[in-house]
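Please examine the sequence and the three-dimensional structure shown below.

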Amino acid sequence: MPIPRRALVAAAVALVLPLSACGSGDSGGSTDASGRIEGDITFQTWNLRANFKPYFEDVVADFEKKYPGTHVKWIDQPAEGYADKISADAAGGTLPDVVNVSPDLVAPLAKAGLALDLDKSAARYKKEYLAGAWAGHQVPGMTGTYAFPWYLNTGPLFYNKSLFEKAGLDAAQPPTTYDELFTDALRLADKSDGKVATLANVPTIEDFGRYGVELMNKEGTAFSFNDAKGVQLLTKYKELYDAKALDPQALTATPESSGKKFLTGAVAMNPGSALDLGNFKKQAPNLYKNIGITDQITSTGKVNMYVMGVMVNARTKHTPAAVAFAHFVTDAQNQMSFAKKVAIFPSTAGSLDDPYFTKEDGTDETRVRVAAAKSLKNAVNYTPVLFSEQMKTALRNEIAKALQGKQSPRTALDNAVKACDTLLRQQG
């Protein structure tokens with residue numbers, strides 16, 4: 001998984017894997033993980049070698065020491081084209097034994113019979129992980145869990161106290177509800193004559209989830225984010241856009257461009273993580289002095305969680321070794337060690353109770369880490385596992401038309417759901 005400079009979040013990428021490409025033969029190994037742990041396996045990560053080579057070399061060495069009959073070949077793929085690489089390997093029968101995945105990458109592999117069902121093969125480990133994290137790699141319409149949860153991330157909302165104060169708002173009382181957010185955003189835009197927007201991004205599927213919209217039916221066969229609540233949210237965003245409370249360039253914004261807007265004081269609020277505080281201190285010391293930190297706004301009481309996973313190839317020739325290694329990489333000790341090297345959070349039960357995640361030392365960095373760790377205990381991944389990159393593009397395009405006044409919010413979401421349902425059927 002790539003670890004982005006900004007927020008260390010799971011960047012969902014498209015993976016179109018025709019089921020027929022994989023065939024339905026029985027060329028793989030057993031689903032029984034209870035045998036002798038031995039043999040040569042391959043472990044693939046996602047753009048992690050450059051920054052964490054010693055860590056992973058140590059993990060591999062420790063595993064091979066624990067299980068003398070094993071050998072792990074670690075390979076790392078670049079961020080660019082990772083999904084295409086997995087798709088090609090899956091189709092060609094060369095998928096590694098253990099693979100670093102995000103939930104959206106797991107879904108087509110599970111449907112193709114290439115992801116081992118851990119509820120069957122490794123159920124004894126389930127209790128070691130946070131319930132929400134274990135559920136992160138479940139696929140609607142299928143029974144089973146198709147990857148071990150690995151590292152998690154979430155983060156607060158940062159806000160610029162000085163911009164709030166200039167608009168006559170109480171910088172010590174940032175918005176905590178959507179109604180407050182929209183009210184404050186309109187005031188900020190009005191008081192700055194449209195020069196200061198509060199938000200820099202159009203709503204994404206996770207924003208609809210946080211707002212309390214039912215995104216998909218329980219069977220995983222159709223999307224439903226065009227309900228009354230979804231239309232209400234997009235209507236609010238249209239109001240913000242018209243008032244310049246939503247940045248005019250939001251239609252083409254990226255996390256990086258949004259971050260720059262926040263750094264320069266053109267945007268009053270921006271999501272982020274503890275990593276960002278260091279950047280603020282170096283790149284925008286004036287902003288750092290005026291930085292406010294508050295919780296994600298949600299109507300459900302649960303924040304959004306990004307989750308990475310480690311999948312076992314259902315056709316590995318060495319199922320016991322592959323399962324044992326996937327579990328080893330994601331066990332409490334190794335996750336905790338990894339979390340102390342970079343601003344991520346372990347998915348293992350009890351780890352977030354460690355003093356590292358509960359004790360404040362007066363620094364903003366620790367404050368963010370402690371708050372995020374607390375919120376992760378009941379966090380959820382709002383982005384549906386089946387929501388592909390193509391679907392994200394379809395939703396974004398329709399939202400853009402609504403914000404520009406080319407169609408109503410209702411029509412935009414109806415069109416987006418129709419497009420996403422069509423793409424869903426094409427997934428198989």
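Thr-31 is located in the loop between α1 (19–22) and β1; helices (H or I, at least four residues) and strands (E, at least two) are DSSP runs, numbered from the N terminus. The C-alpha atoms of Thr-31 and Leu-116 are separated by 7.0 Å, although the two residues are 85 residues apart along the chain. When neighbours within four places in sequence are left aside, Thr-31 is in contact with Leu-116, Ser-121 and Thr-319. Contact here means heavy atoms within 4.5 Å.

## Basis of the model

This is a predicted model, in which local features need pLDDT of at least 70 and side-chain atom pairs count only at pLDDT 80 or more, while totals for chains, interfaces and linings use all residues. Residues are numbered from 1 along each chain as its sequence is written, and side-chain values use heavy atoms, with hydrogens and water left out.

## Two residues with positive phi

Asn-47 is not a glycine, yet it has a positive phi of about 60°. Asn-47 lies in the loop between β1 (39–46) and α2 (49–66). With a relative accessible area of 34%, Asn-47 is partly exposed; buried means under 20% relative accessible area, exposed over 50%, and partly exposed in between (1.4 Å probe, protein chains only).

Lys-244, also not a glycine, has a positive phi of about 65°. Its place is the loop between α10 (228–242) and α11 (255–263). Lys-244 counts as partly exposed, at 45% relative accessibility.

## Packing of helices α18 and α19

The axes of helix α18 (residues 389–403) and helix α19 (residues 409–426) come within 9 Å and cross at roughly 165°. Axes are lines fitted to C-alpha atoms, for helices over the stretch in contact, and angles run from 0 to 180 degrees between N-to-C directions. The helices α18 and α19 are therefore roughly antiparallel to each other; angles under 35 degrees count as roughly parallel, over 145 as roughly antiparallel, 65 to 115 as roughly perpendicular and the rest as oblique.

Among the residues that make this contact are Leu-395 of α18 and Leu-413, Ala-416 and Cys-420 of α19. By class, the contact of α18 with α19 has 12 nonpolar, 2 polar and 1 charged residues. Ala, Val, Leu, Ile, Met, Phe, Trp, Tyr, Cys and Pro count as nonpolar, Asp, Glu, Lys and Arg as charged, and the others, Gly among them, as polar.

Ser-388 is found in the loop between α17 (364–376) and α18. Ser-388 is buried, with a relative accessible area of 11%. The C-alpha atoms of Ser-388 and Leu-423 are separated by 8.5 Å, and the two are 35 residues apart along the chain.

## Packing of helices α10 and α18

Helices α10 and α18 pack at an angle of about 55°, with their axes 9 Å apart. That makes α10 oblique to α18. In this contact, Leu-234, Tyr-237, Lys-238, Tyr-241 and Asp-242 in α10 meet Ile-399, Ala-402 and Leu-403 in α18.

## Nonpolar cores

The largest nonpolar core has 125 residues, and those with the most contacts inside it are Phe-225 and Phe-325. A nonpolar core is a set of buried Ala, Val, Leu, Ile, Met, Phe, Trp, Tyr and Cys residues joined through side-chain atoms within 4.5 Å. Not counting residues up to four places away in sequence, Phe-225 touches residues including Phe-387, Leu-395, Leu-413 and Cys-420.
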